[in-house]
Amino acid sequence: MVYSVNVNGVRHEVDVDPDTPLLWVLRDVIGLTGTKFGCGVAMCGACTVHLNGLAVRSCITQIQDVGSAEVMTVESIGETAEGRRVQKAWLELDVVQCGYCQSGQIMSAAALIATNSKPSDEDIDAVMAGNICRCGTYPRIRAAIKRAAAEGI
Amino acid sequence: MRSLLARFPRAGFASLAAGVLSAALLSFGSGAVDKPAAPAPDPRPLQGVASFQSVSDKAERSRALFTEAAKVITDPRCMNCHPSANRVPTQGDDMHPHVPFINAGDSGIGSGGLSCGACHRADNTTLAGARLIKSIPGANPWLLAPHSMGWQGLTLGEICGQLKDPGRNGGRTLSDIRRHMSEDHLVGWAWHPGEGRRPAPGTQQAFGALISAWIETGAECPS
């Protein structure tokens, strides 16, 4: 079945089964490989993208559920004010170690500061706990989120 | 400063990782086809209203009806989204803390950039090929019960009293409670919880009939 999906402001026609995960559409059909596969069951957060600005796990989001929502991936999050600040802070604080989880971390962080301009440690823990980092970069992630949020005030 | 990791149930994630690894090894190594297991008999069948007609004392019959209906109310499919101590749902038949961690907040649908809708859709989402989790539960709306309706840790009598208290039950009359239990879509999810989850005992119709009979006999609460 052909679905018309808006990804990063560009419309794509994709011919896939209705239950195809959005993650596979992004990576295998459209070719946007910045979004990563981690656990495949929405437990690690590596596949996080935005649907109409809300963070969702693309590995368990079926293409039939996307509808007319605007999909944003890590490839274009830098075009938003929050995403730009998050990426800048990420670079300044050298957050990344191996980097595999980082696209998901950045997408969740951008969604967080878009709704919370001054997140506390507890706020950050609550939202980012769904994004696992096997390198344990959590202290740097938290610091970068605070820096990115502060630059928006 | 407390690490983000401190919020993770470490043992849970260790076992999760082991589970993922085991599943991967099994899927690559065995090549065997799983045989579907025969459905197990329901260990907690729900008795019908007629089963209580022999209880001559009306108040006693009312309490017995509620106690029977409470097999559903206290089932993990219902209790997991009625936490009392906080705004964190539980999961599974053992009612462990929700993995990944989520704080549903006062809204009941998450807050601050992470909503329940990050994973939960309008319907259950079957995960083809996944062995760790067969499906992600979903309903429209998918949300945590308000704090005033927390059930976990309460006695049946306390739950019963809360259900009847408009100050804590969302301003509902007993008639509203009957309708909610009998017809509400999210209540009904408990009998259609998606692959990999045991449904609540009986049916929503049978549960609604028990609640109706409980109300008609005076809505008495067990002690």
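## Contact between chains A and B

In this predicted model, chain A touches chain B through 33 of its residues, which meet 28 residues of chain B. Four elements of chain A each supply at least two residues of the side that touches chain B: strand 4 (54-57), helix 3 (102-115), helix 4 (121-128) and helix 5 (138-150). Helix 4 of chain A gives the largest share, six residues. By class, this side of chain A has 19 nonpolar, seven polar and seven charged residues.

Helix 3 of chain A has 14 residues, and its first and last C-alpha atoms are 20 Å apart, close to the 20 Å expected at 1.5 Å a residue.

## Layout of chain B

Chain B holds seven helices and six strands. Read from the N terminus, the order of its elements is α-α-α-β-β-β-β-β-β-α-α-α-α. Of the 223 residues in chain B, 35% are buried. Among the contacts in chain B between residues at least 6 apart in sequence, 59% join residues at least 24 apart.

## Helix 7 of chain B

Helix 7 of chain B covers residues 204-216. Its 13 residues should span 18 Å at 1.5 Å a residue, and the end C-alpha atoms are 18 Å apart, which agrees. Just after helix 7 of chain B, G218(B) takes a positive phi of about 110°.

Ten of the 13 residues of helix 7 of chain B are buried, so this helix is largely enclosed by the rest of the structure. The buried residues are Q204(B), F207(B), G208(B), A209(B), L210(B), I211(B), S212(B), A213(B), W214(B) and I215(B). What covers them includes helix 2 (58-73), helix 5 (174-183) and helix 6 (185-188) of chain B.

## Helix 2 against helix 7

Helix 2 of chain B packs on helix 7 of chain B at an angle of about 155°, with the axes 9 Å apart. An angle over 145 degrees counts as roughly antiparallel, and helix 2 and helix 7 of chain B are therefore roughly antiparallel to each other. Their crossing is left-handed.

On the helix 2 side of chain B, the residues that meet helix 7 are S62(B), L65(B), F66(B), E68(B), A69(B) and V72(B). On the helix 7 side, they are F207(B), L210(B), I211(B), A213(B) and W214(B). By class, this contact has nine nonpolar, one polar and one charged residues.

## Helix 5 against helix 7

Helix 5 of chain B packs on helix 7 of chain B at an angle of about 165°, with the axes 8 Å apart. That makes helix 5 of chain B roughly antiparallel to helix 7 of chain B. The crossing of helix 5 and helix 7 of chain B is right-handed.

From helix 5 of chain B, L174(B), I177(B), R178(B), M181(B) and S182(B) take part in the contact. They meet Q204(B), F207(B), G208(B), I211(B), S212(B) and I215(B) in helix 7 of chain B. The residues of this contact divide into six nonpolar, four polar and one charged.

## A loop residue of chain B

H147(B) lies in the loop between strand 6 (135-136) and helix 4 (156-164) of chain B. With 16 C-beta neighbours inside 10 Å, H147(B) counts as partly exposed. H147(B) and S107(B) are 40 residues apart in sequence, and their C-alpha atoms are 9.9 Å apart in space.

Conventions. Residues are numbered from 1 along each chain as its sequence is written. Chains are lettered from A and ligands numbered from 1 in the order in which they are written. This is a predicted model: local features need pLDDT of at least 70, side-chain atom pairs count only at pLDDT 80 or more; totals for chains, interfaces and linings use all residues. The expected span of a helix is 1.5 Å times one less than its number of residues. A residue is buried if 20 or more other C-beta atoms lie within 10 Å of its own, exposed if 12 or fewer, and partly exposed in between; C-beta atoms are placed from the backbone. Two residues are in contact if their C-beta atoms, placed from the backbone, lie within 7 Å. Axes are lines fitted to C-alpha atoms, for helices over the stretch in contact, and angles run from 0 to 180 degrees between N-to-C directions. Angles under 35 degrees count as roughly parallel, over 145 as roughly antiparallel, 65 to 115 as roughly perpendicular and the rest as oblique. A crossing is left-handed if the near helix is turned anticlockwise from the far one by less than a right angle, and right-handed if clockwise. Ala, Val, Leu, Ile, Met, Phe, Trp, Tyr, Cys and Pro count as nonpolar, Asp, Glu, Lys and Arg as charged, and the others, Gly among them, as polar.
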